[in-house]
Amino acid sequence: MRTIPLPGRLTVGGLAALALLGTSACSVFQSNDSGGGSKDGAIAVAASESSCDVAAESGKAGTLVFDVTNKGSKVTEFELLAEDGLRILGEVENVGPGLTRQLVVSAPEGKYQTACIPGMVGKGMRNAFTVEKGAKGAGEITGVDAKTIDAATAQYASYVKNQSGQLLVDAKAFTAAYTAGDDDKARALYPTARMPWEAVEPVAESFGDLDPKTDLREADLEKGQKWTGWHRIEKDLWPPKTGYTALTPAQRKTYAADLMTNLTTLNTRVKTLDFGVDQIANGSKGLLDEVAASKITGEEDIWSHTDLYDFQANVTGAKAGFEVLKPLLQVKDPELATTLDQRFTAMQTELDEYRDGDGFVTYTQVTEAQRKQLSDAVNALAEPLSKVTAALTL
Amino acid sequence: MLGATGAGALGLAGAGAGGWALGRTDDAPATADRGRFAFHGTHQAGIVTPAQDRLHFASFDVTATSREDLIGLLRTWTAAAAEMTRGAQVGGDAPEPYDAPPSDTGEALGLPPSGLTLTFGFGPTLFTKEGEDRFGLAERQPAGLQTLPHFPADALRPERSGGDLCVQACADDPQVAVHAIRNLSRLAFGTAVLRWSQLGFGRTSSTTRSQSTPRNLFGFKDGTANIKAEDTPEIDRFVWVRPEDDPDAEWLAGGSYLVARRINMRIEQWDSTSLSEQEAVVGRDRTAGAPLSGGTEHTDPDFSRRGSAGPLIPVDAHVRLAHPAQNRGVQLLRRGYNFTDGNDELGRLDAGLFFIAFVRDPVTGYVPMQNQLSKSDAMMEYLQHTGSALFAVPPGVQPGHYLGQSLFT
C-alpha cells in the first residue's frame, strides 16, 4: 500500500491520463513475442541518495526491464514517466537499502524520463530515456478507459454497501429470535444471516478491530481473551452434549447486542469506502483462501456444521468481485477472463451437489472424498484468480 | 486484504504500464553435464539414467473432460519439465510482475539441477474408466496396460493406488524433487488433481555399474542383480517397448511400463528376527550381499548347492523366487526407494520400500513373478503391499514436441 501520496498518482483521474497515453498492459498470459523486449538486456539502475545511474539511455519498444538496485541508505523508488515528467508509466517503490527489484514495463516508441526518488518524496533525480522503434507491433497495447474502471470500482463499492445493509437486516432477525429464546428459529436463521458477512469478509477483516470481535472461532482465542460474536452464539445454539453451561437470557442479550453494535459499525464504515481494482481482485482471491483455510476443513462452524453456507457466500463474494472486473479483464487478458468464467461455473456446479431445499446439507454429511472434490475445485479457481491483479495493474 | 483508508483507489493508478512478451526458451544441450540430464531424447530420462538418491513420485487424476485440455496440460508440463531439469525456474527465469504470484514457487532457487529427472506415465484409467472412452484414446490403450491383478496378501489402499497420470521426480536433493512435483501439481490445477504422492529418501537400486549397491530398510543390499544401463541387450529385451509389441499401441515404442508398489515392511518384527533367519529369508549374507551358496556379491547364486539341512539358499528365499532362473529368464529394471511416512497409530514405523520397476511387458515381465513372490516368498511374512499402480511410459520427447505426443497424433 502506498504511503506517500503524490499529486496526480493516486486517483482514478491520474489513471485516465495514463490509459489515454496508450500504455498499459499486455498480460501475464499473452506470451506473444512482439519482440523488442529487453529480456536478456535488463537495464541496471543504481539508485542512491545522491545519484541515479541508469545503465542505458534508451531501449527498444515493447517490454522494458529495469533492475533497480538501492545503493543508498534510504528507502527508494524508481519510476518511468512520460516526457512531460508527470504521468507515470510504471514504478517500483519501497525498495529497501541493498535490495534489487525489477520494474517490468511495456512502452511504445517515444521520449520518457526516469526518476530515482530516495526517501520516496519529491521529484527525485531525473534522466532522459528514449524508447526506440522495436519490432513491428511492439509496444502497441490495449488500454482500458477511465470510465470502465470507474464503473467497475463504483459497482463493487455499492455491492459491498448492499451486502452490509442486508447483513444488518438479517442479523437483526437472527439476534431477535435468539434473545427471545426461540432457538429453532435462531438456528434456522443463523447460516443465512451470516452469508452477507461472508460475501464481503475481506472488507470486514480490513478493519482490524471488527473481525476478531465478530467472527473469532473458539479455537482462535488467546488465553484470557473474551469470546464474542457469531460463533459464541453458535455454540450456545448447538451446545456440546456435556460440559457446557447455557447462556442466561441476560447473557444472550449482551452477546446479541454486541454483535449488532459491531455490524452497525461495519455498515457505517463501508459507506465511505472506495476500492481500487487491485483491492477488489485481491479481495476475491482472499475469499477463496478463506474457503480453503477453514470451510473445506469444516472448522468454521464446528457446532452448527453449516459451513457450506459460508462456503457459498465466499464464492458468491469472489464472483461478485470478478464480475465487476470482467470488462477490464476482457481487454487486458480475455483468455484469463474465459478461464475464470469456466472455473466459477465448475465451482458452483460442485457446490450445487449439496443443495438441500433453500440451503445446504450439514457439512458432516459431506464425505472425505467429496471434500477433496470441493477442494480441487477451489484450487482450480484460486490459481487463475491469483493472476487477476497483475493482469489488470500492469 | 482490502485497505480501509477510504482513499484507496490504488487500482491501476501508479502501476501504469507493464507486461512483457517473452517466449519460453528451449532446452539445454542434449548432454548430461555434472548433475544435469537432458530432458529431450529417444527415451525419457529417469529410467536407465543413474538412479539418484531421492524420489518424489506423484499420481494424478485428470478432472478435465476434453482432449484439448489434456493435451494442454501435457504441453504445459513439457515446458516446465524442460525448464526444471536444466535448473531453471518454471517460466524460464523471465522477469515477472511484482503484483502476481511468481510462476515458480521458489524453493529451488539457487540450487543446482541436482540431477533432476522427470518421468511421465499414463495409467489405464486415462484410456477407459468405468467403460467410458474419456478422451478418444480407448482404441490405443496398450493391451498390457490394465490395473494389476490382486496378488495374494495384497492390502491395497485405493487412495494410494492407481491414477491417470504419473510423474516420477528423482534428484540428488529432495528439495529439488519436491519442488518439481509441487510446481507440476500447481500447473495442473483445474485439469488434474494430485491423487497420491510418495517421498523416497534412499535409492534401493543401482542402475549403472559405477554405482555401489545400496541397502533397503531390512539392512540388506538390494538390487544386486538389477539390469544396468550398460547391459544394452538386456535393456532392449526387457525394458523398451518395440513397435511390433502391440499393433494398437505403436505410440508406446521406445517407451516402457512403470510398475509402482508401495511395500510396507514390518520393521519391528524383522528387527527381532535372528540374523540366520533374516539371511535365510533373503538368501544372501547381510554384510557383503553374497548369495548363501557362496562367493561375493556379484557371484551367481547356486540354487542346487546343498548344506546339512537342504539347499543353502532355501526354497522360499527371496533371491531364489525373484531370480530370472525361476521366472522364465525374465529380468526387471528396478528403481525403487526406501520410504518412511512417520508412524502408524500404534507407534510403529510406517516404512518400507517404494518399488518401481520398468518393464517391456507387465503381463509376462512382472505379473507372474509378483504372483509367485506374493504366494511363496518367505519375506512376505514381513511385508504388506499397500499401494499399487501401473503406467505406460511414453517414449522420450523430441524438441518442439510434447510429452506423449505420439499417443494423440
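Reader: What makes B:Glu130, B:Glu132, B:Asp133, B:Glu139 and B:Asp248 a negative surface patch?

Author: Asp and Glu count as negative. A patch takes residues with over 30% relative accessible area (Shrake-Rupley, 1.4 Å probe) and no salt bridge, and joins like charges within 9 Å. Each charge is placed at CG of Asp or CD of Glu. So these residues form such a patch. This is a predicted model: local features need pLDDT of at least 70, side-chain atom pairs 80 or more, while totals for chains, interfaces and linings use all residues. Residues are numbered from 1 along each chain as written, chains are lettered from A and ligands numbered from 1 in written order, and side-chain values use heavy atoms, without hydrogens and water.

Reader: Where does B:Glu132 lie in chain B?

Author: B:Glu132 is in strand 4, residues 132-133. A strand is a DSSP run (E) of at least two residues; a helix (H or I) needs at least four. Chain B has 10 helices and 14 strands.

Reader: Why is the pair A:Arg269 and A:Asp209 called a salt bridge?

Author: The cut-off is 4 Å, from a Lys or Arg side-chain nitrogen to an Asp or Glu carboxyl oxygen. Here the closest N and O atoms are 3.1 Å apart, so the pair qualifies.

Key: Patches are made of residues with over 30% relative accessible area and no salt bridge: like charges are joined within 9 Å, nonpolar side chains (Val, Leu, Ile, Met, Phe, Trp, Tyr) within 5 Å.
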